Amino acid sequence: MHHKDLKIKLPRLMDKIQKLGQIGALPGGGVCRLALTDEDKEARDLLQQWMKQLDLEVKIDELGNMFGIRSGKSSGPLVMVGSHLDTVGTGGLYDGSLGVLAGLEIVETLNEAGITTARPFAVANFTNEEGVRFTPDMMGSHAYSHTAELENMLNAKAVDGSNVSIRTELERIGYNGQLPCGDLELAAFLELHIEQGPVLEAEEIHIGAVEMVQGIYWTEYIFKGVSNHAGTTPMPLRKDAGYAAASTAQFVREQVLKTGGNQVGTVGLIELSPNLINVVAQEARVIVDLRNTDEGALIQTQTALDAYVQRISKQENLSYQKQELVRFPPVQFDKSIVSKIEERARALNYSVKRMPSGAGHDAQMMARLCPTAMIFVPSVGGISHNIKEFTKEKDLERGCNVLLQTAMDLLNLG
Ligand SMILES: [Zn+2]
């Protein structure tokens, strides 16, 4: 059989998605598998068992990243496919899991066809992609591609205030592995993921060939004024931190519309203190989320925002502090792999479009190390991080077949 005729088996993939979905299952569907909890351990154990059943060599690194390796004719750099098994508190069955289980399905397809590829192949599960229980998100792939960060990651404390860290939780669940982080040499990295947005479904397109991940800037501003009586303090004498926060939110909307293109901006968090009806707020904390595929435009929007915050603070007689919480520049994926994804999708008679990713993914970290790209499949209603997250079986099958064909191309190179 020519490798172009190889297809994955949907019932096998669905069986694994369902079985994994029982771990941390929530009433009404969906799952809660926060990183390094007992549920995450159970999911990891099941993955490890499946890897061994498929004759993969299981390796676990210092940060708990898991790899199942299938040898090739050469012992050189490997082609890796992967994603994450951890979820948010109200996660679905597909976010992350799909990219890992699709990797296993590729192995099963190759095993069944008796194919030895030129390059070795690996299926990866990265630790703490969601960043809910520990920050930052995309932790496992971040450390893999930036090993200087490993110690910081291991020392990261749980955000719930309990006195556990990544290190102590890895030890507790037995996933503090021996493999040095970042040790496996990569020829290419691929990630199949649900879109988590509405575009593919709305345009009735089967496959997204993801060209890039948009850049993300999170900036916290804390305005400091004076709390005072809402009835007796004349307007010109106020130092109203709440007003500055609200006005900043309005500025973000206006500036983002002015910038245009792919610029988006969100103020989803404002905290006022003392937060009382009849008291001028003495302190206001605002976090601004700015995203763009164009780094120059993103920087310009951020610069305009910083200037505005300075202006409004002066006008309102406030002091303020600024902290850069996140600075992820836009990441371009490998052009030749993106073209391959398109070609392979068309050869399978699937409709395909190039698109950016609006969300962050492990693949954007791995792109620092080797040629990398992502494949998206439609999310019904564009919904994710929600127990209602759903992708049709036929779309899962299409995505997995494109992943298989693209991986086959890369595996037979070299
Ligand atoms: Zn994900």
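This is a predicted model: local features need pLDDT of at least 70, side-chain atom pairs count only at pLDDT 80 or more; totals for chains, interfaces and linings use all residues.
1. A pocket, as the word is used here, is an open set of grid points where a 1.4 Å probe fits, with protein on both sides within 12 Å along at least five of seven lines, and its lining residues are those that have an atom within 4 Å of a point.

2. The largest pocket holds about 610 Å³ of space and has a lining of 25 residues, among which Glu129, Glu130, Asp137, Met138 and Trp218 lie nearest its centre. Two or more lining residues are given by each of strand E7 (215-224) and strand E10 (319-328), and E10 supplies the largest share, with 4 residues.

3. Domain 1 (3-214 + 330-411) and domain 2 (215-328) each contribute at least three residues to the lining of the largest pocket.

4. The second largest pocket contains about 270 Å³ of space, and of the 16 residues that line it, Val199, Gln214, Pro356, Ser357 and Gly358 are those nearest its centre. Strand E12, which spans residues 352-357, gives the most to this lining, namely 3 residues.

5. In the second largest pocket the lining divides into 7 nonpolar residues, 8 polar residues and 1 charged residue. At least three residues of this lining come from domain 1 (3-214 + 330-411), and at least three from domain 2 (215-328).

Key. Residues are numbered from 1 along each chain as its sequence is written. Side-chain values use heavy atoms; hydrogens and water are left out. On a 1 Å grid over the protein atoms alone, a cavity is a set of points where a 1.4 Å probe fits but cannot get out, and a pocket is an open set with protein on both sides within 12 Å along at least five of seven lines; lining residues have an atom within 4 Å of a point. Grid points are joined across faces, edges and corners, and a volume is the space filled by probe spheres set on the points. Domain bounds come from an automatic or database domain assignment. Ala, Val, Leu, Ile, Met, Phe, Trp, Tyr, Cys and Pro count as nonpolar, Asp, Glu, Lys and Arg as charged, and the others, Gly among them, as polar.
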